[in-house]
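These are my notebook entries on a structure that I looked up. The sequence and model come first, and my entries follow.

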Amino acid sequence: MTDRSVLPAGAPRTAPAPTPSGAGVPATLPLAAVLLLAAGLRLWRLTATGFNSDEAVYTGTAASLAGDDRLGALFPVFRAHPVLFQSLLSLALRIHGGDGTARAVPALLGVATVALTYALGRRLYGRTAGLVAALLLAVMPYHVVVSRQVLLDGPMTLCATGTLYCVVRYAESPAPRRLVAAGGMLGLTVLAKETSLVLLGSLYAFFALTPAVRTRRRHLLPALGALAVVALAHPLSQAVSGHAQAGGSYLLWQMFRRANHPYDFYVREVPWAMGPLAVLAAGAGLVWLRRENTWRERLLVCWVAVPALFFTVWPVKGFQYLLPAAPVCAVLAARTLTCLPRAWAGRAPARPPWSGRVRTWLPRALRAPAQVARAGRARRAVAVVAVASVAVSLAVPAWARIAPQTSTRFLAGTGGLPGGREAGLWARAHAPDGARLLAIGPSMANVVQYYGLRPVSALSVSPDPARRNPSYRAVPNPDRALRDGDFQYLVWDAYTARRTPFFTAQLEQLTARYHGAAVFRVDDVRGDPVVVVYRVRSS
C-alpha cells in the first residue's frame, strides 16, 4: 500500500475541505433521515423474541446493580466481564424495567454509532462519503442484529469507533491531546468488553507501518497512561470487592478452553452478515484506488485485520466479536461508491444520433456545456444507483433477520433463544417457590433462570474447574440429585439438543427414570418442539 502523504514533522495532514458557510443546515436533513432509518430498524418490535443466554446474564447483572434482590441472588454483579455497559443499563432499569427498556439502550447506542460513522467517513473522505457510510451501517444486517440485543459488543463498537476517530484526528495533526483522547477512548472500549484490548495491536501495526504519521514518546506515554488509568478500573474494582479470583479464573478458562467454532467461522459468517456487496465494494476500492491509498486506508485495514486474525486463531469465536469492523467496512465501501463518477470523468460524453443535425444550428458555446452537463448527470446517476443497490442489498436481509424466529437453528449472538422466555414465564407462574430446574446446557438455563426467577442448573457443566466457565456450578451426580429431590423439573430444548447429543441423551434417561411428565411445551412454526419442561419425582 503506497503512502503518498509523507509530510514534514509537525505539518498538518490533508483533510477534507471545510463545509461552506450556510450549507450545514440543509446537509443535516439527509443525516437525520439516515438516523431515523437506523432507529426504526433497531427499535422495531424489540420484544418480539425473548433474551438469549448472554442477554439474560447482562440484564440480570444490570438488575442486580439497580437493586433487584430477586435477580441479584441469581446473577451476581462480578462475573466475567467489566460492568461499564451493565452500569449504564442499570440506570435505565431503575426508571423502567422490562425487555424493551433493556434492549432499547444498546439499540440507541447503535444509532449513535451510525452518527459517529458519519463523522468518521466525513473526516476521511468528505461529507458525501460520510453520509453514504452512515446509510450503509444503518441498514447493515450485522450491526442491526447485534445492536438490537443486550450485548457488550454494540457499546464496544461505539467506543471503538470513537477511538478510531481520535486516531484519525491525531494522524491529520499530531497534537498530543488527540492521542491522549484516543487512549482514554480505548480504555472505555476495554471497559465495555475486555477483548477489545486487541485493538491496541491494530494501532501498533498502523504506527509501525506508517512512517508518515510519527509518534513521539511525549505523546505516546500519556496516551498509554490514559488507557491504563481507565482500563484498570475493572480489575481494581474486582480486587476491592474481593472477586479478583473470579476474573483470573475466567481468563484462564478462556485461554485454554476448546474452540467453539472452526477456523473458517468468520470467513463463512461475517461477510454475509456485513453484506457481500458492501464487502466487495470496500475491497474493490482498495485495489481500484490503490494509487491514492495513504495512511487513511492503512489505518482502516489494520483496524480490521488484527482483530480478525486474532479471533480466528483464538479458541473463542463469537459471531459478534468482529462488530468493530462494520463501521470500517461501511466507510471503505462509501469511499468506493462516491468515487465511481471519476471512472467516467476522463471519457468524452456520448454523442446522441441526432447530434449531427443539431450541430448545424446549435452554437458551439452552448454545445460543449450541454455535453458536459449530460456527462455529469450520467456519472451522478451511476453513483446513486450503485449506492441504492448496495443499501437495498443490506436492508432486505436486515429486515428479514429482525423478524421473530422460532426455528430450532440458532447462532449465538444473532437473536433470542427460541422458547426460553416462554418456559421461564411458565416456571415463574407455576413452579412453587424453592423449586429448582435442571436444563441440558447453561444457555437455556440462564434464560429460564432470568424469566422464571428460579435457580436453574445445567447437565453439561463440567465438574472439572479447568474445563468450565467459573460462573457456572456443576451437578456432579445428577442421578443422585434427582433421587434426593434436589430438582423438580427438567428442561429439554432443541438448540442445546442439537449441539450436545450426549447430555441430551442423559437428560432423556433421567426423564424416563424419574417418571417425567411434560407439563409445558413450545413448538416452532412446523409444530416441532422447541422447549419441553418435564415434572419429575423421585419415587
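Where is the place of leucine 200? I found leucine 200 in helix H10 (residues 199-209); helices (H or I, at least four residues) are DSSP runs, numbered from the N terminus.

I noted that this is a predicted model, in which local features need pLDDT of at least 70 and side-chain atom pairs count only at pLDDT 80 or more, while totals for chains, interfaces and linings use all residues. Residues are numbered from 1 along each chain as its sequence is written, and side-chain values use heavy atoms, with hydrogens and water left out.

Entry on aspartate 99. I located aspartate 99 in helix H5 (residues 99-125). I recorded aspartate 99 as buried because its relative accessibility is 13%; buried means under 20% relative accessible area, exposed over 50%, and partly exposed in between (1.4 Å probe, protein chains only). Leaving aside residues up to four places away in sequence, I listed Thr47, Phe51, Arg421, Tyr450 and Tyr451 as touching aspartate 99, where contact means heavy atoms within 4.5 Å.

Entry on leucine 200. I found leucine 200 partly exposed, at a relative accessible area of 32%.

Entry on helix H14. In H14 (residues 265-274) I found Phe265, Tyr266, Val270, Ala273 and Met274 buried. Seen down the axis of H14, these buried residues fall within an arc of 95°, so they line one face of the helix; the arc is that of the directions from the helix axis to the C-beta atoms. On the face turned away from the buried side of H14, I noted the exposed residues Val267 and Trp272. Glycine 275 follows H14 and has a positive phi, near 105°.

Technical notes:
Helix = DSSP H or I, 4+ residues; strand = E, 2+ residues; numbered from the N terminus.
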